[in-house]
Amino acid sequence: MKVIEASRSLTQAADLLDLDWICVQRILERAVDRGLTRRSTEGLRYVGLDEKSFGAVRTYVSLMTDLKGQRVLEVVAGRDTDQAWLCGKAC
């Protein structure tokens, strides 16, 4: 994970580790899954909701963040108001 974190891209990490891009992506996905299972919302007091866009097509994601702990709690594709269930799910 340290090589992936220090790299500018997954392609660069794959080159450094002598792995293909898909293997590096799977390593990253497993690390995220492990982090999510260890994540605790105990003591969570201040939650922020925001939307971010990226790409020329303006693809949007909705983010829920722990404002005090400065961490991302949830990322969901889109920006619909129907995603209000996020608060109940993570908090």
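This is a predicted model: local features need pLDDT of at least 70, side-chain atom pairs count only at pLDDT 80 or more; totals for chains, interfaces and linings use all residues.
**The chain as a whole**

The chain has 91 residues, of which 22% count as buried. Among contacts between residues at least 6 apart in sequence, 20% join residues at least 24 apart.

**Helix α2 and its packing**

Helix α2 spans residues 10-17, and helix α3 spans residues 21-38. Two packed helices are described by the angle between their axes and the distance between the axes. For α2 and α3, the axes come within 9 Å and cross at roughly 105°. Because angles of 65 to 115 degrees count as roughly perpendicular, α2 is roughly perpendicular to α3. On the α2 side the contact is made by Leu10, Thr11, Ala13 and Ala14, and on the α3 side by Trp21, Val24, Gln25 and Leu28. Sorted by class, this contact contains six nonpolar and two polar residues, and no charged residues.

The buried residues of α2 are Leu10, Ala13 and Ala14. Viewed down the axis of α2, these residues fall within an arc of 100°, so they line one face of the helix. They pack against α1 (2-6) as well as α3. The face of α2 turned away from this buried side carries Asp15 and Leu16, both exposed. After α2 comes aspartate 18, whose phi is positive, near 55°.

| Group | Residues |
|---|---|
| α2 residues in the contact with α3 | Leu10, Thr11, Ala13, Ala14 |
| α3 residues in the contact with α2 | Trp21, Val24, Gln25, Leu28 |
| Buried residues of α2 | Leu10, Ala13, Ala14 |
| Exposed residues on the face of α2 turned away from its buried side | Asp15, Leu16 |

**Valine 72 in strand β3**

Strand β3 covers residues 71-77 and includes valine 72. Leaving aside residues up to four places away in sequence, valine 72 touches Arg39, Met64 and Thr65. Valine 72 and glycine 48 are separated by 24 residues in sequence, and their C-alpha atoms lie 9.4 Å apart in space.

Technical notes. Residues are numbered from 1 along each chain as its sequence is written. Side-chain values use heavy atoms; hydrogens and water are left out. Axes are lines fitted to C-alpha atoms, for helices over the stretch in contact, and angles run from 0 to 180 degrees between N-to-C directions. Helices (H or I, at least four residues) and strands (E, at least two) are DSSP runs, numbered from the N terminus. Angles under 35 degrees count as roughly parallel, over 145 as roughly antiparallel, 65 to 115 as roughly perpendicular and the rest as oblique. Contact means heavy atoms within 4.5 Å. Ala, Val, Leu, Ile, Met, Phe, Trp, Tyr, Cys and Pro count as nonpolar, Asp, Glu, Lys and Arg as charged, and the others, Gly among them, as polar. Buried means under 20% relative accessible area, exposed over 50%, partly exposed in between (1.4 Å probe, protein chains only). The arc is that of the directions from the helix axis to the C-beta atoms.
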